[in-house]
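Please keep the sequence and the structure open beside you while you read.

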Amino acid sequence: MEINKKHSSIKTVNPFTNEVEKEFEIMSNEQVDRIIDKADHAFKTWRNTSFDERAKVIHKVASIMRERKEDLGRLATIEMGKLLRESIYEVELSADIFDYFADNAGKFLADRPLETEKGEAFLSYQPIGILLSVQPWNFPFYQITRSAASALMAGNTMILKHASNVPQCAQIMEDIFEEAGLPDGVYNNIFIPGSQIERLVDNPKIKAVALTGSEAAGGSIASAAGKNVKKSTLELGGSDPFVVLEDADIDKAVETAVNGRMWNAGQVCVSPKRIIVPESKVKEFTEKSKALTTRLKVGNPLETDTDIAPLSSEKAAQDVAAQIQKAIDQGAKLELGGKRIDRPGAFLEPTILTSVTPSMDAYFEEIFGPVLVIYSYKNIDDAIELANATEFGLGGTVFGTDIEKAKAVARKIDTGMVYINHVTGIAPELPFGGTKRSG
Ligand code: NAP
């Protein structure tokens, strides 16, 4: 499937160099249909396997990933640019998630007795067939894991359509499943662009579709699923608030907000994108954020002393630079950075903006890059209003010393998850998801 020919949209372009490293041929409709048939056929057997049989394979996937975490991490870094240490952490986290579902799926999906006077009744969980999983590039292994671990343990089969810029991560996961002993057809990778997905949603053999990505892709998948009366789940964008309370330790808040925002070069759905600080502390917070951000080293993501990686692609860097420029043109104050870096690769200066108001697009848009936007508030009601002034509702943070007070503020934020004194985090045993336009 690997090719030399240029112009395929499925390819690795290393964002550190902007050089094409590998290209893959787009699959034809006939090839994709054969894969769907294979997954449908495999479901007939896989659905009848026991949880123990499935767990054996899924634990093996986890152990292969741990053994090869350096190689896998390097692949993610080369394909989408994140720091190698972040890539390796992602592989370890993914292995933990596979283990967690292998250990617990049988318990989660056990029959649930229902109390009734009419006789014996219980709720039984059954697999439904092929799940189509459409995933983004920002966590190339974790995003596969999050849908595959639970769906495969539940007895479903899966077709993965990964983002077109991480084909090698997509391919290697299919290889790892095979090596771990997963029967042929249970997990299948396909190489097609997102624009061709709707045809698959129309196929009656596909029983459900899960998408993580942008609102535009979510809307298109949701309408295709709706038209076919098919189940769908959407995990979309976010513009998480980070509310600093009056009693917060400012140094810790600055460190958490800046490091959280610069993680994965700011390309995280649950990154703290809007920092909301008391008026009395905003000057100190901004100055300390600038000082800390200035010390971060931008460079080669494979080197251990690099703090800020390139963005995932040249287009991503251009798009974020344009969003920053538009915010400045509309009246935002540029406190730091804001420009492309004069070197090869998809680099952008880590940026801090203030004075963003509701008359500017940046107030409402998700900025998917290393851009900290700092707002100030007069009283806690203003802070909550600002935190909720977004169409998104994925994660959020409240930072303060009095934990009960922080929890009370957290309850008023209209979002899927709120963390206290921590950026929105991820752990195998914690649910993940949003409200409003975040899916
Ligand atoms: P994207 O363009 O929507 O791409 C995501 C996936 O959807 C890719 O596999 C893409 O394929 C596919 N796709 C694109 N257009 C499609 C369409 N019309 N129909 C069906 N599939 C389509 O997303 P992105 O901009 O690269 O990713 C960043 C976004 O994802 C951000 O908004 C971020 O917040 C969000 N995100 C959310 C979560 C969460 O859990 N809520 C997690 C991570 C990221 P191609 O690559 O072939 O275009």
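1. Let me begin with a definition: a salt bridge here is a side-chain nitrogen of Lys or Arg within 4 Å of a carboxyl oxygen of Asp or Glu. By that rule, the structure holds 28 salt bridges. Side chains of opposite charge can pair when their charged atoms come close.

2. A word on what you are looking at. This is a predicted model, in which local features need pLDDT of at least 70 and side-chain atom pairs count only at pLDDT 80 or more, while totals for chains, interfaces and linings use all residues. Residues are numbered from 1 along each chain as its sequence is written, and side-chain values use heavy atoms, with hydrogens and water left out.

3. Now the overall layout. The protein chain is divided into domain 1 (5–235) and domain 2 (240–436), with bounds that come from an automatic or database domain assignment. Taken over C-alpha atoms, the centres of the two domains are separated by 29 Å. Their contact (heavy atoms within 4.5 Å) takes 28 residues from domain 1 and 36 residues from domain 2.

4. Next, the interior. A nonpolar core is a set of buried Ala, Val, Leu, Ile, Met, Phe, Trp, Tyr and Cys residues joined through side-chain atoms within 4.5 Å. Buried means under 20% relative accessible area, exposed means over 50%, and partly exposed lies in between (1.4 Å probe, protein chains only). The largest nonpolar core has 78 residues, and M65, F98, M173, F177 and Y187 have the most contacts inside it. Helix α4 (residues 84–108) gives the most to this core, with 8 residues. At least three residues come from each of domain 1 (5–235) and domain 2 (240–436). Helices (H or I, at least four residues) and strands (E, at least two) are DSSP runs, numbered from the N terminus.

5. Leaving out residues up to four places away in sequence, F98 touches I58, V61, A62, M65, T145, A148, A149, M173 and F177. Another core lies apart from the largest one; this other core has 33 residues, including I324, M360, A387 and A406. In soluble globular proteins, nonpolar side chains tend to be buried together.

6. Which residues of α8 are buried? They are G218, I221, A224 and A225. These cover an arc of only 135° around the axis, which puts them on the same side of α8; the arc is that of the directions from the helix axis to the C-beta atoms. On the other side of α8, A216, G226 and K227 are exposed. The buried residues of α8 pack against β6 (130–134), α7 (197–202), β9 (206–212) and β10 (231–235).

7. The expected span of a helix is 1.5 Å times one less than its number of residues. For the 13 residues of helix α8 (residues 215–227) this should give 18 Å, and the end C-alpha atoms are 18 Å apart, which agrees. After α8 comes V229, whose phi is positive, near 50°.

8. Back to the charged pairs, starting with one across the sequence. K38 forms a salt bridge with D184, with the closest N and O atoms 3.4 Å apart. This pair links distant parts of the chain, as K38 is in helix α1 (residues 29–46) and D184 is in the loop between α6 (167–179) and β8 (187–190), 146 residues apart. K38 is partly exposed, at 35% relative accessible area, whereas D184 is exposed, at 61%.

9. Two other pairs sit within helices. E284 and K288 form a salt bridge, their closest N and O atoms being 2.8 Å apart. They are 4 residues apart in helix α10 (residues 282–295), so about one helical turn separates them. D319 pairs with K315 at 2.7 Å between the closest N and O atoms, and both lie in helix α11 (residues 314–329), 4 residues apart. Finally, E287, K290, K333 and E335 are linked in a network of salt bridges.

10. Last, two backbone angles to look at. N264 is not a glycine, yet its phi is positive, about 55°; A265 also has a positive phi, near 50°. N264 lies in the loop between α9 (250–262) and β12 (272–278), and A265 is found in that loop as well. N264 is buried, with a relative accessible area of 1%, and A265 counts as buried at 1%.
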